[in-house]
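These are my notebook entries on one structure, written down in the order in which I looked things up.

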Amino acid sequence: MSRRFPILSALIALIGAAFFIVPLIATFNFSLRMKRGELSFEAYRSVFDSDVFLGVLGFSATASLMAILMGVLIVVPTAYWVRLRVPRARPVIEFLSLMPLIIPPVVLVFGYVRLYGSSSILPLTMTEAGTNVLLVIGYVVLSVPYMYRAVDNGMAAIDIATLTEAAESLGASRLRTIVFVIFPNIRSAIVSGAFLTFSISLGEFVITSLLNRPAFGPYLVQMGQDFAYQPAALAIMAFAFTWICMVLMEAFATRKPGQRLLPWRAPRSVTKAKS
Amino acid sequence: MIHTAPPSISQSETVPQATPPTPPRKPARRNLSWLGLVPFLGFALLFLILPVFYLVNGAFQTPDGRYSFETMLSLSAPEIAGSYGLSLKLSFASAAMGTVFGLILGYALLLGGLPSWVRRAFMTFSGVASNFAGVPLAFAFIATLGRLGLVTLVLRDVLGINIYAAGFSLFSFWGLTLTYLYFQLPLMVLMITPALEGLRPEWREAAESLGASRMQYVARVALPLLAPSVLGCFLLLFANAFGTLATIYALTSANYPVVPIVLFQQIRGNVLYNPNLGYALAVGMILIMGLSNTLYFILRRRAERWQK
């Protein structure tokens, strides 16, 4: 093996880095140019000053949190039950959990609009609340592939059968076992899936727009049509938001059960254990 | 208690039964375990299977409710076929570029002898960028390569290259491909990493000790080993691009007639003047997505043979 500096690799990495970073720099620079002749955060101020921004952000955050809650309630007991009792059903459940990756959101919402429209047995889209429910359900469906994977990986890391037997021999009911024994042990896996769900659904456009909800995604598109500099500011904020979600997701996904909640505190407990 | 309960149940059941007692009991007990899956299966049925079934059912009917292949066949009408062609071309171009450049970048990062912090930085960034799609991505590229984008202006004013005069437009085919590349490339880097890590140094050493040059090793050993993974990743990127709607919607104000955009417009206001044609359009999308994803899974299984 040669010891010389890898010129070709470095050049490739440099070009790759340029492709990734130049749009971000350009967008950031663009977002500062709202006031003619000087660089300022005027575009950001104007975004935050608008009541519409806070309104849609609140709506989308609420819908996303509901989707996380609903997703956890559906996925966790199912993944637990599949591993514990019906491992034969695993291929079916896994296929269903991956199906949303094959069905594009625009097709999914098309089915919803028709199936749950005016002439349906369950006319969800006819009322405001019903449409909101359908929106949350849509977000849940979009996030199920990731949520299921995260939770199932979390369960693979702990010995569910033994934990369940231990809980039952102490007299715990099935529900109690899930809530007080299984759930705390896979908490970090759930949180990891939750951050991914949050980053998917907060700015979701297709389902949201076709259900006519006053949420963040359609607002972004409207901003893009009406303004020049605010969209750039919003893009920078969206990138930062995605970054935070991914970092937190990663941090929670790699955390072992029983480890400290704050990832950077972990090494100290490890060294303590060693000494 | 656990030992006594089953016999007492079976006794109480067997006594009044006239039919053979044991066979109906066993499935009944197994069915109870299945009950735990009912919430998930019910959810999937209501919000995944039935909606899709509704569309598939509609795609094989004519507007007056007759079952026929007519609607599906009308997908070959020039306008619809043109949309599919455009979608396939755009997905193919962005997936092919993402695959090739992602493979090169991944190879350089993992096996090119670069310090490990470079690799870690790229991996973290790729995780973020592959999820940075949709409307904000469109905004970022408008601010970069739009008519008044920073890069466009710098190229024009500093280097004297007017890319828009030279025929480039962010809102044309290649502009869209370039925008898609921003999430396709990092996705490829992430997806191909396990396969690249699976290339064992021994194989390279064996090839080198037999006198192979670096190019020969890459062409005769590494690439054939990577081929199933690379092809699989390409299909995944293809499907990823094919289903993308928000980015293109925000970039072109829905004026670029790829299939998802046409379907979006159809849902909004029946622009095709035939509701069943909309269903057929959706079913066509599912078929293409399903096909590329199925092939991806098959290829991934093949590729995993080498990564133990």
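I looked up the largest nonpolar core and found 157 residues, of which A:V151, B:F139, B:M188, B:L237, B:L263 and B:A282 touch the most other members. Helix 6 (residues 128-156) of chain A supplies the largest share of this core, 15 residues. Such a core is a set of buried Ala, Val, Leu, Ile, Met, Phe, Trp, Tyr and Cys residues joined through C-beta atoms within 7 Å, where buried means that 20 or more other C-beta atoms, placed from the backbone, lie within 10 Å of the residue's own.

I noted that this is a predicted model, in which local features need pLDDT of at least 70 and side-chain atom pairs count only at pLDDT 80 or more, while totals for chains, interfaces and linings use all residues. Residues are numbered from 1 along each chain as its sequence is written, and chains are lettered from A and ligands numbered from 1 in the order in which they are written.

For B:L237, leaving aside neighbours within four places in sequence, I listed contacts (C-beta atoms, placed from the backbone, within 7 Å) with B:A95, B:G98, B:T99, B:Q184, B:L187 and B:M188.

Between the chains, I found 58 residues of chain B in contact with 59 residues of chain A. Helix 3 (residues 38-59) of chain B gives the most to its side, with 11 residues.

I then checked confidence (pLDDT, from 0 to 100 for each residue): chain A has a mean of 88, and 91% of its residues reach 70 or more. Over residues 263-275 of chain A the pLDDT is below 50, and this stretch has six contacts in the model beyond near neighbours in sequence.

Note on methods. A residue is buried if 20 or more other C-beta atoms lie within 10 Å of its own, exposed if 12 or fewer, and partly exposed in between; C-beta atoms are placed from the backbone. Helices (H or I, at least four residues) and strands (E, at least two) are DSSP runs, numbered from the N terminus. Two residues are in contact if their C-beta atoms, placed from the backbone, lie within 7 Å. pLDDT is the predictor's confidence in each residue, from 0 to 100.
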